[in-house]
Amino acid sequence: MFGLFNKSKDKNEGSKGSYPEWYAELQESQQRWFAFLEKLEVKMEELATASIPELKQLLQEDEDMYKRTFHKVYSGVNGQLNNIRQKARDTYEEKINDVYYNLNSQISVLDKHHNLLSDFRNACSDRHNEFDDKYDYWRKQIEKTQERDLEIEYQKILSEYESIKNKFNCTQCGGNILIEKIFLIETYITCPYCQTQNTFAPSSQGRNLQNIARELAEQRTAHLNEAYETEKDKERDLYHQRHELSLSIIHESNKKVLSEVQSKMDDLEEQRQFAIQNAPKLRQIYLRAMYDEWNKITPDLKEHNEKMYQNQLKY
């Protein structure tokens, strides 16, 4: 790709003098564009590699239930990353598209050198796509810093419950009242000795169980969701493979080749139909397992959760 114009030169007339005056402008624009993107890629990598460890540490140390400090810094990093991508897009429009459209308006499509314009635009566009791929990679790496180890948080909640379940006393008679489970909200608990109604207020950490329960259940069953997503994507991939094969034989007349390709297409279609039928089954397996985990974590919400499960099965 980087030797584009050398290849074009060989293909056309072989001597530098045979190229039009505007050819030098294309070469210079392409070289500057490539160098500019390389600098932006270095900047992106430096930003991400410096930010990722900091974000991970901040997520662990942020004691706020809603992780507001973390999300503020996370948004700032994402903003900087998006600014780098936007700078690339703006420069492409200004330095590449403008050059292309300006020359294209002056040069006839019948001109023997018109293909140089197309080659220039394709090379610059391909390089832009490479940059976008690197942007997507670093964006995803930064997104991963949001993934909390909810098993650790859950164990902290369980440990807290074990430490307090035998330490609650009746406000009337002073009798010890066992806290039989993790409560998510303030709850009235009857004293077994004097029947007084006592208000038990769970800690902020205990209340937070309701906020992390679903995500924790999703983490525990992520492998099942991945299997479903893979099967769902497989259907599209198989369709495109079959479509490409069908296009490849549009002008084919050799019966042997046609038969071989048709056999491959039939096999791909059989695999595709299996994926179409299997994907919903895998989705149901995932949903059932995820809701089962959720119900184990917060059994008080089981009735509500089961209604949500039934609704999800409809879509």
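This is a predicted model: local features need pLDDT of at least 70, side-chain atom pairs count only at pLDDT 80 or more; totals for chains, interfaces and linings use all residues.
The largest pocket holds about 380 Å³ of space (a pocket being an open set of points on a 1 Å grid over the protein atoms alone, where a 1.4 Å probe fits, with protein on both sides within 12 Å along at least five of seven lines; points are joined across faces, edges and corners, and the volume is the space filled by probe spheres set on them). Of its 17 lining residues (those with an atom within 4 Å of a point), Asp62, Lys67, Glu153, Lys156 and Gln205 sit closest to the centre. The biggest contributor is α5, with four residues; helices here are DSSP runs of H or I, at least four residues, numbered from the N terminus.

Residues are numbered from 1 along each chain as its sequence is written, and side-chain values use heavy atoms, leaving out hydrogens and water.

Turning to the second largest pocket, its volume is about 170 Å³, and α8 supplies four residues of the lining. Tyr286 is one of the lining residues.

Then there is Glu293, found in helix α9 (residues 255-297). Glu293 counts as buried because its relative accessibility is 18% (buried means under 20% relative accessible area, 1.4 Å probe, protein chains only). Beyond neighbours within four places in sequence, Glu293 contacts Ala217, Arg220 and Thr221, contact meaning heavy atoms within 4.5 Å.

Terms used
Helices (H or I, at least four residues) and strands (E, at least two) are DSSP runs, numbered from the N terminus. Buried means under 20% relative accessible area, exposed over 50%, partly exposed in between (1.4 Å probe, protein chains only).
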